[in-house]
Amino acid sequence: MRTCFPSSRLLALALAATVADAQNLDSQLAAALSNAGFTGTVGSSLEARIGRPIDTKLANLGRLLFFDKIPSLHSDNACAGCHSPTNGFGDTQSIAIGIENNNLVGQNRYGPRNQRRAPMAANTPFFPALMWNERFFAVSGDPFDNSGGFVFPLPEGSTRFPPHDPIIKTLAAAQGELPPTELTEVAGFTGTKGTIGPEFDQFDDGNGSVVPRPDASGSRNDPIRVAVLARLNASAAYRKLFSDSFPSVAAGGPIDFSMFGRAIAEFESTLIFADAPIDRFARGEHGAMSVPEKEGALLFFGKARCVQCHAVLGKSNEMFSDFQMHVIGVPQIAPEFGVGQGNVIFDGPGRNEDFGLEQITGNAADRYKFRSSPLRNVSLQPAFFHNGSYTRLEDAIRHHLNVFESALSYKAMPAGVDKDLTLVLGPIEPVLARVDPLLAHPIDLRPDEFESLVAFVRTGLLDRRAERQNLCSLIPASLPSGMPPLRFEDCP
């Protein structure tokens, strides 16, 4: 005999099943996050890690310096030119454009390209190693612990920021002293003709200030810093701002470069955007994530094996990177070399490769190795990987799932990169010959699983405070130097 249930009874059973499924999904994800060591609390831990409250005056000084061109001897770029509030304080380009730009920040930025995409500056105080080739790192593995000192390439090496330095206590403060010394990014080539190599003479355009000659170490870094300090110390507005944070300047002493680095780091300490749906879920707010985001998170921490490189435990500081170097088969794209095109000579016999970590270590075994990218707020990026060779998040994730198929079928124009980056492609076979064993075999996901994984990475890791409608307000209306500000295309 057939048993009949009234419609209300069927509805109740269906609802009960749905609730049970939801509770089961929540239980599975909570267990996965616990096993991975993820707490969702890193975003609120900054002041405890630095041992004091954020200094709002110093942070505001750092904000002004971040947007001002005064640290640029070429007088046409600022930190914000490559770390834009329109993109989570990341690049607007596949490969960064530094000096000789058209004063725009956005899709229509123009000028000679550097070597790589500028990474996001948001959340960087939590990173134990910085830059795509990890050339700046904390020996302790903790960016807030200077007991082992901070190591940089020469001429800084391990001596400029030694262990237990009483002034430079964080890796972010140390790194803040480096950007003004980069010729391609902010310092320029004015006055360098005949000193670097004949191929670089074409970039000596006479604009801005003359770049000083190298000192006895053979490096221009400290001479450039001296020249930048001369600019800052000659500015009454900046002397007043530095006086408000540094008693020695208020007493009539000079601004020094550690002050500059600390101000930049303090501003970056206000750019902590690590309260995404996954964080709120981990803290018990299970309604913070959608069902696709939860299912995608389970794949991320499980079947898709993403967490093996985009880690959260230990020195990863819940930043979704193991901060290790890997070869992941990224297609090689490069600009042509010359005025208005590119101002870095790439590696390899065809000058169309980027050897990555090998440039720092000199070890051929490190060729094509790059740092695992931290994934928080990654959906705010217009391009992905160290060279921005993919411009759609779906394509970047699909590449991880089948590196060989993705790399061998790669075409730059359909991938969406700018036209000038479609002209020079480096060889892919030597890259694939070194692919990390973690990615040597395809990871099979069903179409619905792939969509869920994309949903998690796109919105489950996004702290909406980092979206441009919130960050454009940080752009100063005017600058203490009096220099014309950069124009941000996607900000009012």
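Select phenylalanine 300 and phenylalanine 320 to start: both are buried (buried means under 20% relative accessible area, exposed over 50%, partly exposed in between, with a 1.4 Å probe and protein chains only).

Before you go on, note that this is a predicted model, where local features need pLDDT of at least 70, side-chain atom pairs count only at pLDDT 80 or more, and totals for chains, interfaces and linings use all residues. Residues are numbered from 1 along each chain as its sequence is written, and side-chain values use heavy atoms, leaving out hydrogens and water.

Now show the whole structure, where a search finds 26 aromatic pairs. Rings of Phe, Tyr and Trp (its six-membered ring) pair if their centres lie within 6.5 Å; planes under 30 degrees apart are stacked, over 60 edge-to-face and the rest tilted. Phenylalanine 300 and phenylalanine 320 make an edge-to-face pair, with 5.8 Å centre to centre and 70 degrees between the planes.

Next, select tyrosine 390 and tyrosine 410. Why is this pair edge-to-face? The ring centres of tyrosine 390 and tyrosine 410 are 5.2 Å apart and their planes are at 70 degrees, so the pair is edge-to-face. Tyrosine 390 and tyrosine 410 are both buried.

Then select Phe38, Phe300, Phe301, Phe320 and Phe456 together: they form one aromatic cluster.

Last stop: charges over rings (NZ of Lys or CZ of Arg within 6 Å of the ring centre and within 35 degrees of the ring normal). Arginine 367 lies over the face of phenylalanine 355, 3.9 Å from the ring centre. Select tryptophan 132 too, and you will find arginine 371 over its face, at 5.9 Å from the ring centre.
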